[in-house]
Structures are given as C-alpha cells and as structure tokens.
Amino acid sequence: MKLSVPKEASEGERRVALVPEVAKKLSAQDVEVVLESGAGEAAHLPDRLFEEVGVSLGEGFSGDVVAKVAPPTAEEIGRLSEGTVLIGFLQPLTAPDTAKALADAGLTSFAMEAIPRISRAQSMDALSSQATVSGYRAGLILAQELGRFLPMLSTAAGTIRPAKVLVLGAGVAGLQAIATARRIGAALHAFDVRSAVKEQIESLGAKFVELDIGLEDAEAAGGYARELTDEEQQRQREALADVIGGMDGVISTAAVPGRKAPLLIIEDAVKQMKPGSVIVDLAAETGGNCELTKAGETVVEHDVKIVGPVNLPASMPDHASQLYAKNVQSLLDLMIGDEGALELDFDDEIIAGACITRDGEIVHEGAAKAAGTEVPKKGEAHEAQGDGGPESREPEGKESEAEEAPRS
Ligand code: NAD
C-alpha cells in the first residue's frame with residue numbers, strides 16, 4: 001500500500017502526521033511512503049530528513065491511505081479519490097458536515113478521537129498524547145503570564161510565598177498541568193467531578209479540593225465525566241467561586257466528550273481574584289470553562305488576565321508531531337498485512353470503533369447522531385462504537401476491554 005501525508009492547510013496548524021522515525025519503520029514494512037514537500041517544515045522536519053529514510057516527495061492526497069492531523073477542509077476532501085482511507089482528527093461528534101462530506105465522497109475514514117480507549121489501543125491514543133502537550137503548555141503559559149514567582153523563594157530581600165494554582169478537571173491535560181506547575185514550584189490544588197482522580201491528584205503533590213455540594217461521583221461509562229444537571233452545575237459554580245477567589249492562577253481543562261464545555265468560573269469568581277491573577281482556559285475552543293474567556297484571545301477583566309488558547313498542541317509541533325505520528329503508526333500496524341498490503345479487519349474493536357464513514361455511509365453511532373442520520377443496520381455495515389460520547393462508549397451486551405485497565 002501507499003501512505004501519503006499532506007502539508008496541513010489549517011491556519012496555525014504546525015504539526016505533521018509523519019516523522020522520519022515512523023516513516024523508516026513503515027518503509028521496513030514494505031509501505032510506500034509519500035510526503036508533500038514542506039509538510040514537516042513547521043515541525044522542524046525538512047524534506048531531506050524524510051528523503052534520507054526512503055520517503056519520496058509527491059502528492060499528499062495520492063495514497064491508498066492518507067494520514068493527516070487536522071480535520072480535512074472541503075477542498076481537501078475533494079482531492080481524495082473514492083475508496084481512499086483517511087486517518088486524522090475528524091471531530092466526529094462536533095463536525096457533522098465533515099462526516100457527511102467524507103461519506104458522500106466514498107471515503108473510509110478513521111477518527112483518532114474515536115479510537116476506543118482500551119488498553120490495547122493506548123499507543124494509538126492521540127487524545128491523550130496531544131492533551132499531554134496542552135496541559136504542559138498551560139502550566140508554562142500560567143507561569144509566563146503571572147507577574148509573580150511560582151515557587152517559594154527565601155532571599156535577602158525577603159521571602160516570597162509560592163503561588164496558589166487551582167487546576168479544574170484532572171483528565172490527561174489537567175494532570176499534566178498539575179505536574180508542570182508543580183515542577184516550577186507552585187502550590188497546587190485541583191478539582192474534578194470524578195472522585196477516582198483524587199488519588200492521582202494527590203500523588204502529584206496537589207491538594208484535592210473537596211466541594212460540599214452533595215455531588216456523588218460523576219463518572220459515566222468509559223471513565224468519562226457525565227454532564228452535571230443544571231442544579232449541580234449551579235452549586236458547583238457557587239462553591240468554586242470562593243475557592244477561586246483565593247488563588248493566584250487557575251488552569252481549567254474540564255470537558256465532557258461531544259458537549260459544550262461546562263461553565264465553572266463565573267464572573268463573580270473572577271471578581272474575587274486578586275489583581276494580576278491569571279486564568280488559562282484550555283476549554284476555550286469548546287465554549288470555555290470561564291464565562292469571560294474569548295477563544296484565541298487574552299483578555300483582562302476585573303484586573304485578571306484570562307487566556308483562551310486554541311490548538312495548543314500546534315504550539316509545540318516537534319514533540320506533538322512525534323507523539324501523534326507514533327499514534328498513527330500504531331493504528332496503521334493494525335491495517336498493514338503481509339508485504340505492506342492494506343487489510344482492514346472490521347471485526348477488530350479498534351478498527352470498527354474508529355471508523356466514521358464507510359461505503360458512502362456514516363457508520364459511527366455518535367457521528368451519525370450528530371449528523372442526524374442513522375448507522376446502517378447490522379449486516380449492512382459493521383456496527384460502530386467508540387467515541388460516541390459517554391453513552392455510546394460501551395456497545396450493548398458486549399464487554400469492552402475498557403474495563404480491563406483504565407488509565408489516566
Ligand atoms: P476530558 O478531556 O474529556 O475531560 C477533562 C476532565 O474534565 C475530566 O477529568 C473530567 O472528569 C473533567 N470534568 C468534566 N466535567 C467537569 C466539571 N463539571 N467539573 C470539573 N471537572 C470536570 O478527559 P480526558 O483527559 O480525555 O480523560 C477522561 C477519562 O478518560 C479519564 O478517566 C481518563 O483516565 C480516561 N482515559 C482512559 C484511557 C484508557 O486508555 N483507558 C486513556 C486516556 C484517558
């Protein structure tokens with residue numbers, strides 16, 4: 001089979017879906033690898049590094065399999081021929097027009113977000129690898145934007161107390177943000193609606209914030225948080241406002257798959273913060289955890305700086321690309337047969353779960369729901385599963401490997 005990798009066209013996207021190390025391994029598996037010239041440049045991977053490992057330069061959309069990072073634009077979908085396999089972030093739950101266009105173009109598409117989060121698929125988990133980058137960057141942004149030290153310092157000119165930082169949402173990004181800010185020396189506090197993460201928060205040296213809001217564990221199927229009821233959210237926001245008021249910085253990462261980000265930081269909470277405090281809202285792209293966040297902008301309200309970064313992984317393209325390319329390679333390993341032949345086994349839970357479109361139809365439950373269509377009945381196409389939001393994580397009557405080894 002031939003794998004091709006285009007140069008990313010979306011504004012600000014500096015990642016690339018392939019790195020030379022992965023290209024070399026694919027070539028050794030008899031896969032022909034083609035790269036669009038300049039595709040790796042923004043990630044500091046010039047063409048020559050790919051050519052040295054046997055990659056040829058050519059048309060990025062010409063492969064039997066095309067690997068991308070960002071969701072394809074309509075123009076890019078137009079450049080793919082029917083039957084091509086497309087791999088990338090496709091936003092299956094929130095970009096129904098993309099799913100429809102992929103189906104109409106007769107493409108077999110696999111969304112990295114929809115790979116079931118089971119232990120066998122850990123090495124393919126691009127949500128986690130890229131969230132790791134986002135969390136790390138968020139910690140650094142906070143340190144950079146605060147007009148004060150993060151660590152405690154004892155100097156001849158006096159003692160500096162450590163900055164108090166609250167991390168909201170302790171999934172992959174949140175835990176990485178805790179680890180990063182803690183390494184720089186801040187005093188960390190964290191809250192998540194899933195009580196299972198308390199231990200993980202504490203093991204990173206942060207204090208778990210107990211909110212007395214009568215909320216039992218809000219973990220749903222697949223280890224994700226469920227969406228809180230309006231009343232629960234209201235109680236949470238009010239309780240958090242007091243906690244936030246005592247912090248120098250907040251990094252918020254709370255998310256519920258396929259939904260708008262939960263609103264956790266109301267204007268009143270911002271008002272209670274000291275002048276010069278900083279909020280880094282990683283949920284900016286999906287509506288923001290803070291009421292005052294503006295996606296892609298840094299605003300100052302009530303003397304508090306509110307940073308709303310978008311596509312943070314692209315701001316660290318070298319390692320983000322390296323991790324992403326490894327994720328893609330692991331998925332490809334499931335698709336490559338003898339002598340580099342493309343073999344798609346739709347009986348494999350990972351292949352079936354990650355597939356969004358096939359044979360002209362949307363076959364992923366969550367994507368079909370978002371697009372207002374229905375998945376073909378059993379027998380017409382494989383029943384899809386995977387990242388269809390919390391409720392569609394577990395296929396009915398089937399025990400998922402997800403139970404086997406949940407990880408953070
Ligand atoms: P995410 O990006 O979907 O959400 C980020 C965090 O926000 C989560 O921890 C969530 O609990 C939290 N959150 C949601 N609503 C909130 C609210 N109202 N207030 C406070 N926090 C709120 O999460 P993620 O990083 O993708 O990970 C989610 C889950 O998936 C975790 O349990 C993680 O351990 C699990 N996971 C499993 C695997 C696997 O292979 N089994 C891999 C990666 C992650």
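**Aromatic pairs**

I searched the whole structure and found three aromatic pairs, where rings of Phe, Tyr and Trp (its six-membered ring) pair if their centres lie within 6.5 Å, and planes under 30 degrees apart count as stacked, over 60 as edge-to-face and the rest as tilted. I looked at Phe110 and Phe346, whose ring centres are 6.3 Å apart with the planes at 20 degrees, so this pair is stacked. Phe110 belongs to strand S6 (residues 108-111) and Phe346 to the loop between helix H10 (317-333) and helix H11 (349-354), so the pair ties together parts 236 residues apart in sequence; helices (H or I, at least four residues) and strands (E, at least two) are DSSP runs, numbered from the N terminus. I noted that both Phe110 and Phe346 are buried (under 20% relative accessible area, with exposed over 50% and partly exposed in between, for a 1.4 Å probe and protein chains only).

I then took Phe191 and Phe208, a tilted pair at 6.1 Å centre to centre with 35 degrees between the planes. Phe191 lies in strand S10 (residues 187-191) and Phe208 in strand S11 (residues 207-208), 17 residues apart. Phe191 is buried at a relative accessible area of 6%, and Phe208 is buried at 10%.

**Model notes**

The model is predicted, and local features need pLDDT of at least 70, side-chain atom pairs count only at pLDDT 80 or more, while totals for chains, interfaces and linings use all residues. Residues are numbered from 1 along each chain as its sequence is written, and side-chain values use heavy atoms, with hydrogens and water left out.
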